[in-house]
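Subject: Handing over a two-chain model

Hello,

Here is the structure I promised to pass on to you. Please have a look at it first, and then read my notes below.

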Amino acid sequence: MGMAGCLIQTLVRNRLATPDMIGVNEGASLAVVVFALYLTLGNWPWWASPLGAALAAAALFALCRRPGEQGYLFIVIGIALSELLGALGDFAMSTQPLAHLGSIYLWTMGHFAGVSYQTVKPVALLLLLLCPLMALVNRPLALLRFGDATAQNLGVKVPLVQLGVLALAIVVAALGTAIGGPVVFIAMAAPILASWLARDNLAPLWLSALCGAVLLLGSDTLVRVLAQPEEIPTGIMTRLLGGILLLGLLLKDRRGAD
Amino acid sequence: MTALRAENLHFAYQDKVVLDDVSFSLPRGKLIGIVGPNGSGKSTLLKLLARQLPLQRGTVEIHGKPLLGYSLKALARELAFLPQRPVLAEGIRVEQLVQYGRHPHQGWFNQWSAEDARQVARAREVMQLDAIWQRSAASLSGGQAQRVWLGMILAQNTDLILLDEPTSALDIGHQAEVMEAVHQIAAAGRTVLIVIHDLGVAARYCDELIALADGRVQAIGPARQVMTKALVDRLYDTDVDILPAPGDGAPVIVPRRRTRALQQPTLREHPETEGMQ
């Protein structure tokens, strides 16, 4: 999630552009919910996650075409799309008897209880396979922060890199969602923390991943300690912390504008 | 020796023709200015040459080889382009920004070489960036920031340098600072093609000028020969005086007031306030 956040934030040049803000995570979670409720009984359909994320991203693209050129529009349309997909997910769940829903409802809030290595192993393997691609896009991605014109002047194939980065971000975010559900705000907070820790790095992908992992572990531990002996979804804690962070970001922006 | 040759360039955004049959060639090691009124196609021409826009019709050759024959990275070793409003990545330092100019010369297995360090050190010296080398680029004045961008372009170490109005947002002090820097780059043997809004600045610093209007080349040649009253009047649809500057005789262009405006009463102080503090 941290890595996906870093990819999209850097691409769109806006801290608000993260997979959970623009509907990618909601699309992933909707697909998993639909498959879990209607199509596969028994098995956890984690593999539906990238499918849903890709469909959500395709819808986003159909609605606003080029991400680099109009970052703000991209985010606003993404938020609307995110709401819509979330509502569809809620609707899908509401058609089922409550007794069936328990675990899946908690999962859509970002919950790690009951996650088994049956899901984690294939996801981790796929993430590992994507690592060389990450290394490949890291430097051109950093150059995109100087705008399309300057990046191209320095020899970057801008449209190709944009497309590749976006595809990577979608797959990585979807794989992250597949495990513990759409845990929100990790994707926003982790790259901010990473950039703060590594000032000289214009696109700290690996550090963002690490920060994301640490933030999630921290939130999960906090939730367990606070809610003992109950189990509360971790996503509720990240949402709480993330909400505070978002408010802080927006207020800082406003102060900058004043 | 020709650094760049453009022939029969034609460019249109949908139905609107921006460039129409533009041809010229750039001699190596000269500072060449593109002047012309707003909307005459100056920036579009520069973007075409830098491959920021697709060639629709016509040919561009760089060092005798077609523009599209270069990979983007190979092109970035021959030609550097500074856009009109380059984007500063938040929090970046001057040193880093200049170092990024070396990107086209680096690959997977040669990440940072002695040559890279040499070129960056040269860019730092020529652009006089010593005092601000460790500063955050966002904290610089307009003139300093432009010098830093030029430093990055210089570190790129290309024969051809295209600059899109690098002085447009600057006051005259910073304008002179940047133009002196550009002049120095050309004097060191680079071919610099620069879009300039200010005719006086163009005539003073450039070796040659290309005058564009309505997407066509209206005049081309040595700067002081091109800059005539007849041409300026025609280009800008106005009436100007051209006087020699006291120092070096460079043409200074002053638009005349319309006759009607001259007859209007002038603003003057009230006599009763004269002599008061």
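What follows is a short tour of what was found.

First, some housekeeping. This is a predicted model, in which local features need pLDDT of at least 70 and side-chain atom pairs count only at pLDDT 80 or more, while totals for chains, interfaces and linings use all residues. Residues are numbered from 1 along each chain as its sequence is written, and chains are lettered from A and ligands numbered from 1 in the order in which they are written.

Chain B as a whole

Chain B has 10 helices and 12 strands; helices (H or I, at least four residues) and strands (E, at least two) are DSSP runs, numbered from the N terminus. Its C-alpha atoms fill a box of roughly 80 × 50 × 35 Å along the principal axes. Of the 277 residues in chain B, 40% count as buried. Here a residue is buried if 20 or more other C-beta atoms lie within 10 Å of its own, exposed if 12 or fewer, and partly exposed in between, with C-beta atoms placed from the backbone.

Helix 5 of chain B

Helix 5 of chain B has 14 residues and reaches 20 Å from its first C-alpha to its last, close to the 20 Å expected at 1.5 Å a residue (the expected span is 1.5 Å times one less than the number of residues). Because 13 of its 14 residues are buried, helix 5 of chain B is largely enclosed by the rest of the structure. After helix 5 of chain B comes Asn157(B), with a positive phi near 55 degrees.

Helix 5 of chain B packs with helix 6 (residues 172–187) of chain B at an angle of about 15 degrees, their axes 8 Å apart. Axes are lines fitted to C-alpha atoms, for helices over the stretch in contact, and angles run from 0 to 180 degrees between N-to-C directions. The two helices are therefore roughly parallel to each other (angles under 35 degrees count as roughly parallel, over 145 as roughly antiparallel, 65 to 115 as roughly perpendicular and the rest as oblique). Among the residues making this contact are Leu150(B) and Leu154(B) of helix 5 of chain B and Val178(B) and Ile185(B) of helix 6 of chain B; two residues are in contact if their C-beta atoms, placed from the backbone, lie within 7 Å.

With helix 4 of chain B, helix 5 of chain B packs at about 145 degrees, again with axes 8 Å apart. Leu154(B) is one of the residues in this contact, too.

Leu140(B)

Leu140(B) lies in the loop between helix 4 (114–126) and helix 5 (142–155) of chain B. Why is Leu140(B) partly exposed? Because 17 other C-beta atoms lie within 10 Å. Leaving aside residues up to four places away in sequence, Leu140(B) touches Ile132(B), Arg135(B), Ala145(B) and Val148(B).

Chain A and where the chains meet

In chain A, helix 2 (residues 24–39) and helix 8 (residues 158–180) pack at an angle of about 50 degrees, with axes 9 Å apart, and are therefore oblique to each other. Val24(A) and Ala28(A) are among the helix 2 residues of chain A in this contact.

Between the chains, 14 residues of chain A are in contact with 17 residues of chain B. On the side of chain A, helix 7 (residues 147–153) gives the most, with 5 residues.

Best wishes
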